[in-house]
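Hello,

Here is the structure we spoke about, with my notes below it. Please look through the structure first and then read on.

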Amino acid sequence: MTSISSAGEVIHRFDMSAQFTALYRISVALGQENDGERSLAAILKVLHEQAHMQFGMVCLFDKQRNALFIKKVHGIDEEIDKNCRQVRYRLGEGIVGAVMSQRQAMVLPRVADDPRFLGRLNIYDYSLPLIGVPILGTDVQPVGVLVAQPMALHEDRLPSSTRFLEMVANLLTPTLRVAPTAMPLTVDAPPRCSVPRQVGFEQMVGKSQAMRQTLDILRQVSKWDTTVLVRGESGTGKELIANAIHYNSPRATAPFVKFNCAALPDNLLESELFGHEKGAFTGAIRTRKGRFELADGGTLFLDEIGESSASFQAKLLRILQEGEMERVGGDTTLKVDVRFIAATNRNLEEEVRAGNFREDLYYRLNVMPVALPALRERLDDIADLAPFLVKKIALRQGRELRISEGAIRLLMTYSWPGNVRELENCLERASVMIEEGLIDRDVILFHHHESPTLSVKTSPLPVVDESWLDQDLDERQRVIAALEKTGWVQAKAARLLGMTPRQVAYRIQIMDINMHRI
């Protein structure tokens with residue numbers, strides 16, 4: 001017994017010596033560094049090298065967003081560090097949020113045994129303890145939380161390690177107060193210019209009334225956390241809309257997670273979205289987070305929501321109502337803070353009547369519907385849209401590209417069943433057919449049912465003499481003028497206009513042109 005006691009005293013004295021040395025080096029680092037960021041890095045490095053406490057992490061509380069955000073983590077690579085800045089903890093959430101709300105230290109004797117550990121960073125050893133202590137300020141509420149993991153499993157040392165970490169947190173407090181510019185107490189969102197431009201509203205080109213109305217709705221709905229249902233035909237840009245809503249919202253710095261509900265079979269869909277626990281099924285060798293957890297604090301975009309199964313719809317409804325879910329194979333209820341944007345090209349009202357889509361889920365998703373107009377409903381926008389897409393293609397190909405006015409006029413005569421996606425494909429096909437940088441009408445290829453004669457390019461399109469036609473006329477007047485000039489023979493009018501007979505017949509029908517004048 002004496003020998004065991006003596007060994008314990010030796011280990012205790014060794015721990016005390018290491019902690020004393022660590023405190024001394026932390027005080028030296030604080031005295032030498034004027035920059036708060038470098039001070040934190042130096043302190044966490046000392047924790048690792050001298051006190052044998054790995055992955056030290058400092059989280060600071062943002063009063064405006066009422067959540068904790070990670071400021072610094074020691075011992076991780078740049079890619080993980082970049083992702084860490086998007087992680088946040090609400091009050092009472094996980095060990096970090098619990099320490100903040102209870103304003104006292106917390107110890108997990110073994111990470112794997114405690115459901116409060118969320119594992120959002122996926123860097124800590126599940127077989128070891130974890131310690132979190134508050135960083136106290138002048139107010140009643142702490143300014144943040146300090147977390148570190150002992151490198152060895154010695155339960156008898158946890159009380160002394162916790163007291164040591166509390167002393168380190170007390171040393172941090174003056175640094176956080178004295179250097180507010182280098183180490184802000186609140187974590188401000190990055191300036192709006194930090195959001196990539198390719199996700200802004202400037203990517204939605206068009207001056208038509210339908211497009212202007214859509215953009216006005218999007219700018220308004222982006223300000224709030226309202227659930228959005230984006231509706232439109234395939235190729236109208238529903239994912240682009242979801243990107244723009246997220247990156248122009250208060251959640252712009254948080255994760256934006258996308259998922260196509262039609263991409264996976266039903267048996268894999270649940271695991272992909274909700275995650276799974278280790279051993280939940282064959283092949284589940286570790287706990288895995290689902291898309292809902294990965295999007296916590298940010299936005300989840302559910303594309304093709306109309307393709308989802310009845311069982312998935314029931315579980316999605318619960319998350320929308322309660323903000324709660326369980327991983328596959330787990331019994332712990334997890335809270336998630338996610339903004340939902342759903343998209344579909346189906347008529348959900350008909351799906352509800354047919355019993356294929358839950359009516360209660362429909363009303364939950366259809367809070368703020370956004371209907372995207374088909375390209376055939378805004379053909380005038382092609383005048384701006386085509387040059388915009390040509391510039392985009394030119395950037396990918398690394399060369400200068402232009403499009404002629406004649407090519408644009410030809411593009412405006414087609415109804416575009418595939419919408420903007422088909423238009424972009426058409427322009428890219430044209431771009432690869434030219435050696436020079438000009439896309440003219442003779443290289444425009446339509447590959448859809450409306451123009452089968454152009455599906456294979458055997459020869460350039462006939463050159464159309466347009467000198468007789470007043471370009472100030474609207475499209476209906478131009479069609480009538482061409483018909484009158486050709487004696488109301490549709491095939492001849494089509495050649496004059498640079499269209500196919502089918503396209504001319506389509507315009508005669510939708511423009512209500514009276515053919516009885518013959």
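**Helix α17 and its surroundings**

In this predicted model, helix α17 covers residues 490–497, and its buried residues are Ala493, Ala494, Leu496 and Leu497. Looking down the axis of α17, these buried residues fall within an arc of 165 degrees, so they line one face of the helix. What do they pack against? The buried residues of α17 pack against α16 (475–485) and α18 (501–510). After α17 comes glycine 498, which has a positive phi, near 75 degrees.

**Nonpolar cores**

The largest nonpolar core has 29 residues. Within this core, Phe292, Leu302, Ile305, Leu316 and Phe340 have the most contacts. Several elements each supply at least two residues of the core, among them the strands β8 (256–260), β11 (299–303) and β14 (339–344), and the helices α8 (266–274), α11 (348–353) and α12 (359–365). Helix α10 (310–322) is also one of these elements, and α10 gives the most, with five residues.

Leucine 302 shows what such contacts look like. Leaving out residues up to four places away in sequence, leucine 302 touches Phe259, Cys261, Leu273, Leu316, Phe340, Ile341, Ala342 and Ala343.

There is also a second, separate core of 28 residues, including Leu379, Leu401, Leu427 and Ala430.

**Cysteines**

A disulfide is a covalent bond between the sulfur atoms of two cysteines. How many disulfides does the structure hold? The structure holds zero. Are cysteine 59 and cysteine 426 buried or exposed? Cysteine 59 is buried, with a relative accessible area of 0%. Cysteine 426 counts as buried too, at 0% relative accessibility.

Regards

Terms used: Residues numbered from 1 in each chain as written. Predicted model: local features only at pLDDT ≥ 70, side-chain atom pairs only at ≥ 80, totals over all residues. Heavy atoms only, no water. Core = buried A, V, L, I, M, F, W, Y, C linked by side-chain atoms within 4.5 Å. Buried < 20%, exposed > 50% of the residue type's maximum accessible area, 1.4 Å probe, protein only. Helix = DSSP H or I, 4+ residues; strand = E, 2+ residues; numbered from the N terminus. Contact = heavy atoms within 4.5 Å. Arc of directions from axis to C-beta. Disulfide = S-S within 2.5 Å.
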